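This briefing describes the architecture of one protein chain and the surroundings of its ligand. Please consult the sequence and the structure shown below while reading.

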Amino acid sequence: MTTTSPGASGAVAPAVEIAGVTKTFGGLTAVSDIHIEVARQSIYGILGPNGAGKTTVLNMISGFIAPDSGSISVFGDEVTRMPPHRIARHGVARTYQNIRLFGGMTVLETVVAGAYMRRSSTIGGALLLSPGERRERQRVRERAQALLEQVGVRSAHDELAETLSYGDQRRVEIARALATEPQVLLLDEPTAGMNDAESQEIGELLLQLQASGLTLILIEHNMRLVEEFCESVSVMNSGVMLAQGTPSWCLEQDDVKEAYFGKSSDAARIATLRRARRGSSGS
Ligand SMILES: Nc1ncnc2c1ncn2[C@@H]1O[C@H](COP(=O)(O)OP(=O)(O)OP(=O)(O)O)[C@@H](O)[C@H]1O
Ligand SMILES: [Mg+2]
């Protein structure tokens with residue numbers, strides 16, 4: 001049974017609504033009858049240990065996997081079982097847990113390609129270089145450069161994307177997703193492979209994006225980041241929803257501590273992280 005924090009109310013139409021969604025793979029129930037409401041322009045976290053079903057949830061929101069049952073809506077429009085490109089037209093973009101950059105493309109080209117996923121003009125059309133296309137191409141390149149700056153990739157725009165550090169590749173993926181001009185951005189472990197300072201920068205980026213109107217849904221293992229930047233979270237374990245509410249409230253729940261963090265040493269680690277966060281405010 002899901003434990004829900006007091007005061008969580010769904011009065012405003014959500015950006016994303018997942019209602020009674022189940023997904024099985026063979027005999028394995030990866031996601032079992034879950035309900036999630038993500039308020040517009042919020043930063044929402046999906047937490048849980050390995051194999052909890054978190055990525056499967058993102059895959060279903062973005063249309064990469066169809067649920068067996070239940071429904072998914074984006075800004076009130078049902079998108080259940082739509083293919084990814086149609087869900088993208090509803091304003092949903094994503095990044096991947098295992099980075100998926102296009103081979104052989106520079107950093108800038110990667111983000112430009114993201115922009116063309118959304119545009120009526122094609123890359124082929126742009127290559128013909130009619131005056132209109134030339135202006136458009138220049139505009140897209142400038143916007144891609146600005147997005148790269150915004151996500152913190154300030155140089156190496158002409159390097160092959162796959163030669164960057166993992167942290168920078170994740171940033172390039174975020175820029176590519178932003179180039180599609182989404183309203184909802186799904187981030188699968190955006191800070192994996194990043195140190196504390198880099199993770200903090202991603203957190204600040206999330207706030208900027210939120211302020212510009214985006215709704216952000218992220219899968220994240222860094223509890224410090226989650227507690228600082230996520231307003232609400234869902235905690236899953238083995239496909240089942242354990243708790244929903246504010247991060248600090250959810251992390252206090254006994255079944256979350258036991259099932260998610262397991263060993264008492266991990267519970268102690270959370271406590272340490274929280275103390276560190278309070279101690280470092282302002283730094
Ligand atoms: N395409 C698939 N085919 C078969 N099984 C899958 C598939 N995708 C996920 N699973 C299984 O479903 C369960 C949930 O996987 P999922 O990737 O959603 O977990 P997760 O919470 O993202 O875990 P992690 O933190 O390790 O990324 C796992 O047992 C996984 O092996
Ligand atoms: Mg995952």
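A residue counts as buried if 20 or more other C-beta atoms lie within 10 Å of its own, as exposed if 12 or fewer do, and as partly exposed in between, with C-beta atoms placed from the backbone. The model is predicted: local features need pLDDT of at least 70, side-chain atom pairs count only at pLDDT 80 or more, and totals for chains, interfaces and linings use all residues. Residues are numbered from 1 along each chain as its sequence is written, while chains are lettered from A and ligands numbered from 1 in the order in which they are written.

**Overall composition**

- The protein chain holds 11 helices and 11 strands; helices (H or I, at least four residues) and strands (E, at least two) are DSSP runs numbered from the N terminus.
- Of its 283 residues, 39% count as buried.
- Among contacts between residues at least 6 apart in sequence, 67% join residues at least 24 apart, a contact being a pair whose C-beta atoms, placed from the backbone, lie within 7 Å.

- In strand S8 (residues 184-188), 5 of the 5 residues are buried.
- Val-184, Leu-186 and Asp-188 point one way from S8, Leu-185 and Leu-187 point the other way, and all are buried.
- In a regular strand, side chains alternate between the two faces of the sheet.
- Strand S7 (residues 92-94) runs parallel to S8 and is joined to S8 by 3 bridges, with Ala-93 opposite Leu-185; two strands pair if DSSP finds at least two bridges between them.
- S8 also pairs in the parallel sense with strand S9 (residues 215-219), over 5 bridges, and Leu-187 stands opposite Leu-218 there.
- From S8 the chain crosses through helix H7 (residues 196-211) to S9 in a right-handed β-α-β crossover, meaning that, with the strands pointing away from the viewer, the path from the first strand over the helix to the second runs clockwise.

- Four strands form an open sheet with antiparallel pairing, in the order S3-S2-S5-S6.
- S3 and strand S6 (77-78) stand at the edges with a single partner strand each, so one side of each has no neighbour in the sheet.
- Strand S5 (residues 69-74) and S6 pair over 2 bridges, and Val-74 stands opposite Asp-77.
- H1 packs on the sheet, touching strand S2 (16-25), S3 and S5, and its direction makes about 115° with that of S2; axes are lines fitted to C-alpha atoms, for helices over the stretch in contact, and angles run from 0 to 180 degrees between N-to-C directions.
- Because 7 of the 8 residues of H1 are buried, this helix is largely enclosed by the rest of the structure.

**Shell around ligand 1**

- The surrounding residues include Phe-25, Leu-28, Asn-50, Lys-54, Thr-55, Thr-56 and Gln-97, a residue being near if its C-beta atom, placed from the backbone, lies within 6 Å.
- Strand S3 (28-38) and helix H1 (54-61) are the elements that give two or more residues to the shell, and H1 gives the most, with 3 residues.

**Positive phi values**

- Arg-81, not a glycine, has a positive phi near 70° and lies in the loop between S6 and helix H2 (84-89).
- Glu-181, also not a glycine, has a positive phi of about 55° and lies in the loop between helix H6 (166-179) and S8.

How values were computed:
Contact = placed C-beta atoms within 7 Å.
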